[in-house]
Amino acid sequence: MAKLYFRYGAMNSGKSTALMQVAHNYEEQGMRVLILKPQVDTKGGGELVSRLGVRRKADLLIPPETDVFEAVRTANADGAPLACVLCDESQFFTAQQAEQLFMVTVDLNIPVICYGLRADFSLKGFPGSTRLLELAHTIEEMKTICTCGRKAICNCRRVNGRFVFEGEQVAIDLENDVQYVSMCPQCYFKAKRAFYAEKAASQVE
């Protein structure tokens, strides 16, 4: 029975690198994989980009309105059968697309492995990630560390070198002076309190 896997982790936990390694492992055995990437993630254009510098072209860029099940079914019928579907930046899929990926495992019997963030910079779940957590047969955490040495589970947004805790949910890493830093909860809330203390002080002046 094919399964849906959701492998989540904070920024810099090696998700894209792991995906490309899994793809290589399948292909080394002569098996065909399909790599999907949400179109909203413009980092790298049509490529997956690892922080190690490894890059690989995505097979399909998926707009929010695309039926992922039909896209996979079409790809599966066009050539050798698919051994696995691999999804990068899966937090950017819609909740409906997460359901469609689940149905790929049910009706097409093709394993699906999704890599992505669990929550955004304000610790709120992405719609796609939330639905994957609800549906996945197997959920695995990919670990990374904070600068203080503790386990990092938070994604802190930095704009122009300054940590911010307000703004739109989606802002792509390394675009428009946006960067993300993996933090433990202690360091995250220390930065958050400093942000709001500075904001309150500026409003008094």
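Author: Buried means under 20% relative accessible area, exposed means over 50%, and partly exposed lies in between (1.4 Å probe, protein chains only). The model is predicted, so local features need pLDDT of at least 70 and side-chain atom pairs pLDDT 80 or more, while totals for chains, interfaces and linings use all residues. Residues are numbered from 1 along each chain as its sequence is written, and side-chain values use heavy atoms, without hydrogens and water.

Reader: What makes lysine 151 and glutamate 141 a salt bridge?

Author: A salt bridge needs a side-chain nitrogen of Lys or Arg within 4 Å of a carboxyl oxygen of Asp or Glu. Here the closest N and O atoms are 2.9 Å apart, so the pair meets the rule. Lysine 151 sits in the loop between strand E8 (138-141) and strand E9 (154-159), and glutamate 141 in strand E8; helices (H or I, at least four residues) and strands (E, at least two) are DSSP runs numbered from the N terminus.

Reader: Why is glutamate 141 called partly exposed?

Author: Its relative accessible area is 27%, so it falls between the limits for buried and exposed.

Reader: What makes glutamate 198 and arginine 162 a salt bridge?

Author: Their N to O distance is 3.7 Å, and the cut-off is 4 Å, so the pair counts. Glutamate 198 lies in helix H5 (residues 185-204) and arginine 162 in strand E10 (residues 162-164), so the pair ties together parts 36 residues apart in sequence.
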